[in-house]
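Here are my notes on this model. Please read them beside the coordinates.

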Amino acid sequence: MSKGENSQLCTEFAGIRMKNPIMTASGTFGFGLEYKDFIDLNELGAVVVKGTTLKPRPGNTGCRIAETPAGMLNSIGLENPGVDHFKDVILPQLAPYDVPIIVNLAGNTADEYGELARRLDIPGVAAIEVNISCPNVKQGGIAFGTDCASATGVVEMVKRNTGKPVIVKLSPNVTDIVMMARAVEDAGADAISLINTLLGMAIDIRSWRPVLGNTVGGLSGPAVKPVAVRMVWQVAKAVKVPVIGMGGIQSAADAIEFLLAGASAVAVGTGNFVDPRISVRIAEGISDYLTERGLTHVSELIGRVNDYC
Amino acid sequence: MRKLLMQATVLDNMRLTPTVNTLRILAPEIAAQALPGQFVHIKVAAGIQPLLRRPFSIADIHAEQGTLTVIYRIVGEGTALMSSFSPGDTIDVMGPLGQGFRLMGERPLLVGGGMGIAPLLLLAKALCPRPVYVLMGGRTQEEMFWPPLFQNVCESIHIATDDGSLGRCGTALDMLPEVLEQNKIDVVYTCGPRVMMEGVAKAAAEMGIPCQVSLEEHMACGVGACLSCTCAASDGTRRKICSDGPVFWAEEVFL
Ligand SMILES: Cc1cc2nc3c(=O)[nH]c(=O)nc-3n(C[C@H](O)[C@H](O)[C@H](O)COP(=O)(O)OP(=O)(O)OC[C@H]3O[C@@H](n4cnc5c(N)ncnc54)[C@H](O)[C@@H]3O)c2cc1C
Ligand SMILES: Cc1cc2nc3c(=O)[nH]c(=O)nc-3n(C[C@H](O)[C@H](O)[C@H](O)COP(=O)(O)O)c2cc1C
Ligand code: FES
């Protein structure tokens with residue numbers, strides 16, 4: 001076994017071999033390199049990089065984050081250097097690491113998603129995560145994630161343009177998450193990740209203005225965890241493809257809840273800001289939990305929540 | 001330099017004024033590397049409330065003793081919690097973060113306003129033995145607890161208060177041209193409210209004096225990963241204040 005490997009935790013997820021089922025969530029871990037002083041990237045299950053678009057994007061203006069009870073709102077607006085910079089400058093720097101790199105994509109049209117997927121169908125990219133759930137951009141993003149037909153169109157287009165596993169990231173800002181999950185599964189998704197942030201707002205009572213420059217933003221952190229666990233549980237029961245659960249994970253206990261709810265892997269987002277070593281701590285904590293419970297592999301937890309009776 | 005995550009011990013947390021404290025912690029690995037202008041990212045309470053860390057400039061270091069000081073104003077939930085840190089407490093600190101000031105010139109001027117004066121204290125120390133000139137502005141005398149802290153690390157201090165209760169009546173900007181000229185300043189460092197820094201940068205540019213500015217923005221990660229803190233650079237590209245800065249050349253970020 002190579003460094004960072006633990007037989008209780010090694011996982012195969014949608015055809016991707018991972019040392020453990022803990023990934024870093026898109027937009028919260030940069031390109032991974034930003035955290036290399038704090039954590040050995042080789043110890044992570046996978047790194048999911050920031051939402052990438054065809055052209056560089058400057059993101060939204062004004063204040064971009066607001067702290068809220070046990071959480072935060074963000075309205076970054078998909079600032080990123082564009083897919084070509086990612087391929088030419090960032091990806092080579094990630095090459096020395098033995099960790100799957102998953103690229104999160106965002107486009108304005110289904111064609112753009114297809115073009116992005118095509119350009120990223122290259123060595124060094126382990127999988128594509130299709131972000132149809134960003135609440136912070138006017139076009140694309142969430143507009144695709146709240147309408148089954150549009151979501152289906154995007155996923156089909158991406159599938160046609162890549163040989164990589166395609167993970168579709170769902171928005172919680174819908175009435176029926178199961179319907180969305182089934183739609184993207186039918187369209188060919190190899191896996192589903194959820195949840196992206198919940199649309200929220202904060203107001204400054206001194207100035208009577210919104211705190212965020214974009215007025216509204218996406219809520220993440222512990223505050224969203226119960227919503228995320230519920231959605232993961234509903235979706236995991238309804239689809240055959242594996243699910244990556246995320247939303248408010250701050251500890252091994254939180255991650256275990258998601259696994260019991262049916263997630264085959266989890267991602268940590270906002271938690272990285274609080275503790276840059278959180279993913280490794282969670283992996284260790286899950287391993288300890290398995291040992292205490294006399295279990296041999298993390299897969300023994302997946303979807304094992306019992307009925308309440 | 002390597003960014004670190006460590007458990008630091010609180011040595012003291014003293015009140016400077018009713019709303020400003022000076023916190024000294026034992027953090028040898030951070031203190032050994034920290035440069036003026038860099039900051040630390042402090043987890044103010046265990047658990048999930050408040051969730052995010054709080055960024056503070058490094059106001060002083062004693063590398064031999066392994067100590068590091070931040071001077072902070074109590075403005076909200078996080079800083080109120082910090083004010084209850086007691087000697088012996090352990091706190092979770094990330095640092096040193098960001099790019100600090102470039103030490104240069106023969107006759108530097110440090111222009112500060114509000115809590116932006118904190119990083120200038122360590123900078124003044126680092127610039128010794130050059131003659132360091134300091135110009136600071138504040139609202140009232142109450143905010144001007146700084147001069148004694150600078151006494152042994154600078155050549156002269158010029159003070160402006162809005163109400164004239166200490167030093168000259170007016171703003172630091174009003175006094176800037178004469179301070180620049182009289183002391184033959186050859187480099188300017190500034191940290192404080194944005195309008196002040198823009199004014200300082202403009203005056204320095206007009207006299208052909210290089211100027212470094214230290215910017216502030218709300219920060220989540222503090223290491224360049226989340227893009228909470230980015231700003232537009234003059235060339236149309238973006239900068240991350242936490243990791244490309246907080247210190248920039250004035251012309252890099254101000255138009
Ligand atoms: C690089 C840097 C260096 C700083 N150095 C100092 C210093 O030396 N001394 C000092 O007193 N203050 C300094 N600040 C400001 C300090 O970080 C805030 O005053 C502090 O975060 C307020 O926290 P709070 O919970 O008390 O306030 P709240 O208003 O309750 O905070 C709510 C949220 O807003 C953020 N926030 C509020 N005000 C600011 C601000 N001015 N800048 C950035 N984020 C803010 C907080 O971090 C928190 O996430 C610095 C800020 C930055 C970015
Ligand atoms: C600052 C920030 C930026 C984010 N950027 C992206 C993004 O670019 N693409 C994406 O799919 N999700 C993005 N997300 C959502 C996270 O990946 C994650 O789905 C969400 O934050 C919930 O997890 P958490 O509570 O652990 O943070 C972002 C979240 C935050 C806080
Ligand atoms: S605070 Fe996260 S990028 Fe600057």
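1. Basis. This is a predicted model: local features need pLDDT of at least 70, side-chain atom pairs count only at pLDDT 80 or more, and totals for chains, interfaces and linings use all residues. Residues are numbered from 1 along each chain as written, chains are lettered from A and ligands numbered from 1 in written order, and side-chain values use heavy atoms, without hydrogens and water.

2. Ligand site. Ligand 1 lies between chains A and B. It is surrounded by 20 residues, with A:Glu67, B:Pro55, B:Gly78, B:Thr79 and B:Glu216 the closest (a heavy atom within 4 Å).

3. Polar contacts (N or O pairs within 3.5 Å). The side chain of A:Glu67 places an N or O atom 2.7 Å from a ligand 1 oxygen. For B:Gly78, a polar backbone atom is 2.7 Å from an oxygen of ligand 1. For B:Gly76, a backbone N or O atom is 3.1 Å from one.

4. B:Arg54 and B:Phe56 point to one face and are buried (under 20% relative accessible area, 1.4 Å probe, protein chains only). β3(B), residues 39-43, runs antiparallel to β4(B), joined by 4 bridges (pairing needs at least two DSSP bridges). B:Phe39 has B:Ser57 as its bridge partner.

Note on methods:
Buried means under 20% relative accessible area, exposed over 50%, partly exposed in between (1.4 Å probe, protein chains only). Helices (H or I, at least four residues) and strands (E, at least two) are DSSP runs, numbered from the N terminus. A polar contact is a pair of N or O atoms within 3.5 Å; within protein, one must be able to donate a hydrogen and the other to accept it, and residues adjacent in sequence count only if both atoms are side-chain atoms.
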